[in-house]
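This report describes a protein model for a reader who has not seen it before.

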Amino acid sequence: MLSASLTFNQTSLIFLFVIFALVTIICSKYLAIYAEIFSSRMSIDTGIIGLIFLASITSLPELSVSISAITNYPLDIGPDLAIGNMLGSNLFNLLILGLLGILFTKKFVESKNIYFTKYIIQSIILLALVWLIFISVNETFNTSILANKFFIILIPLLYIVFIILNRNDFDNRNNSANKSQLSNKVSLFYFKFLILIFLVVLSGIILTFLSSKMARPFNEGGLGLSSNLIGTLFLALSTSLPELSLAYSCLKINQINMALGNIFGSNLFNLLLIFIGDIALKKEPFLKYVSNNFNIIFLSILFLSLLSIPIVNSNKKKLIKFLCSVVMIVYIFSIYLIS
């Protein structure tokens, strides 16, 4: 990873951000194709590949930047950057759903799957638990039983239960992967697949590093923005760019199950990072040091998650477009409020 001693000015920050964003977009395009082929090789439905496998891969930048923020920054900055990154990524993933719903409305109408409603409800349950713990460790409510550090363990336990419940969803059938690709030498295929995964993760981590530099004062080469805004907007955008480009690429090759599985699976995985962040801080719940401004983001994610249920289930184009437009408006308004 890049050294923390490196210095940048505003121009170089923006230039490098664009370069690595392009690398992420290009690699994600091919990663979607290889994931489809991998699905056929393993006889696993693309929805499960998206929900568990790709969601874990595309969420690795979130994991990296959150741990780095908690362990390397002061308590008045690090926890805000970390939670802003985690929740901001979830909010941005729902924005991705809105954007895709507008761009690929016909595919949303034609492809309905009952399992996605279940995944959304699971993410809402996990979000509600995290929000209750967040409120409980707040100074005003620190007498709540949920303030006990033991209850943070419920986050990974619930996550594991959800993954177990979801493992048999969809049909284990071969999909329409390119047959010429399927006949490629197995070792060469997996080598290329691993290289693509590595490049997507590395680019995401570098993007988060560049975004963290934007939090510096303007006279130090940064953009002089608040840690709340940097975490929720720039870090979230950086770490969620793999989800955006991958989901778009999946829909371009008619793999909507993989695209939606990646979005909702990533939202589940990002909430698991709350527990990991708590372990990284060791002494006290790291949510204790998080700004109360993030109540706005919790509420926005909850609202957009509920809104996403009719988006993935409706068969009316106009309704889908309208609801997706509402998603985009709520996202912009939430970012404005927290800034």
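Helices α6 and α7 run roughly antiparallel to each other, because their axes cross at roughly 175° and an angle over 145 degrees counts as roughly antiparallel. The two axes come within 10 Å. On the α6 side, the contact is made by K118, Y119, Q122, I125, L126, L129, V130 and I133. On the α7 side, the residues are L154, I155, L158, F162, L165 and N166. The model that shows this packing is predicted.

## The chain as a whole

The protein has 13 helices and 0 strands. Read along the sequence, the pattern is therefore α-α-α-α-α-α-α-α-α-α-α-α-α. The protein has 339 residues, of which 54% count as buried. Among the contacts in the protein with a separation of 6 or more, 85% are accounted for by residues 24 or more positions apart.

One such link across the sequence can be given as a distance. L16 and L210 are 194 residues apart in sequence, and their C-alpha atoms are 7.8 Å apart in space. L16 has its place in helix α1, which covers residues 10–42. With a relative accessible area of 23%, L16 is partly exposed.

## Confidence

How confident is the predictor in the protein, as given by the mean pLDDT? The mean pLDDT is 77, and 75% of the residues reach 70 or more. Confidence is highest in helix α12 (residues 295–313), at a mean of 93, and lowest in helix α8 (residues 179–182), at 48. Over residues 1–5 the pLDDT is below 50, and this stretch has 7 contacts in the model beyond near neighbours in sequence. The pLDDT also stays under 50 over residues 172–183. For residues 172–183 the model has 24 contacts beyond four places in sequence.

## Residues of helix α6

Helix α6 covers residues 115–136. Some of its residues can be followed one by one.

T117 is found in helix α6. Its relative accessibility is 18%, so T117 counts as buried, the limit being under 20%. Not counting residues up to four places away in sequence, T117 touches I309 and N313.

Q122 also has its place in helix α6. Is Q122 buried or exposed? Q122 is buried, with a relative accessible area of 4%. Leaving aside residues up to four places away in sequence, Q122 touches F162, N166 and L268. Q122 is one of the α6 residues that make the contact with α7, and F162 and N166 are among those on the α7 side.

## Aromatic pairs

A pair of aromatic rings is described by the distance of the centres and the angle of the planes. The structure holds 9 aromatic pairs. Two of them are set out below.

| Pair | Centre to centre | Angle between planes | Type |
|---|---|---|---|
| F116 and Y119 | 5.8 Å | 80° | edge-to-face |
| Y159 and F269 | 6.2 Å | 75° | edge-to-face |

F116 and Y119 are 3 residues apart in helix α6, so about one helical turn separates them. F116 counts as buried because its relative accessibility is 2%. Y119 counts as buried as well, at 0% relative accessibility. Together with F264, F116 and Y119 form one aromatic cluster. Y119 is also among the α6 residues in the contact with α7.

The rings of Y159 and F269 have planes at 75°, so the pair is edge-to-face. This pair links distant parts of the chain: Y159 lies in helix α7 (residues 154–166), F269 lies in helix α11 (residues 256–281), and the two are 110 residues apart. Y159 counts as buried at 12% relative accessibility, and F269 counts as buried at 11%.

## Cysteines

How many disulfides are there in the model? The count comes to 0 disulfides. Two of the cysteines can be described by their accessibility. C27 is buried, with a relative accessible area of 9%. C324 counts as buried at 0% relative accessibility.

Terms used. Residues numbered from 1 in each chain as written. Predicted model: local features only at pLDDT ≥ 70, side-chain atom pairs only at ≥ 80, totals over all residues. Heavy atoms only, no water. pLDDT = per-residue confidence, 0-100. Helix = DSSP H or I, 4+ residues; strand = E, 2+ residues; numbered from the N terminus. Contact = heavy atoms within 4.5 Å. Phe/Tyr/Trp six-rings, centres within 6.5 Å; stacked < 30°, edge-to-face > 60°. Buried < 20%, exposed > 50% of the residue type's maximum accessible area, 1.4 Å probe, protein only. Disulfide = S-S within 2.5 Å. Axes fitted to C-alpha atoms, helices over the stretch in contact; angles between N-to-C directions. Parallel < 35°, antiparallel > 145°, perpendicular 65-115°, else oblique.
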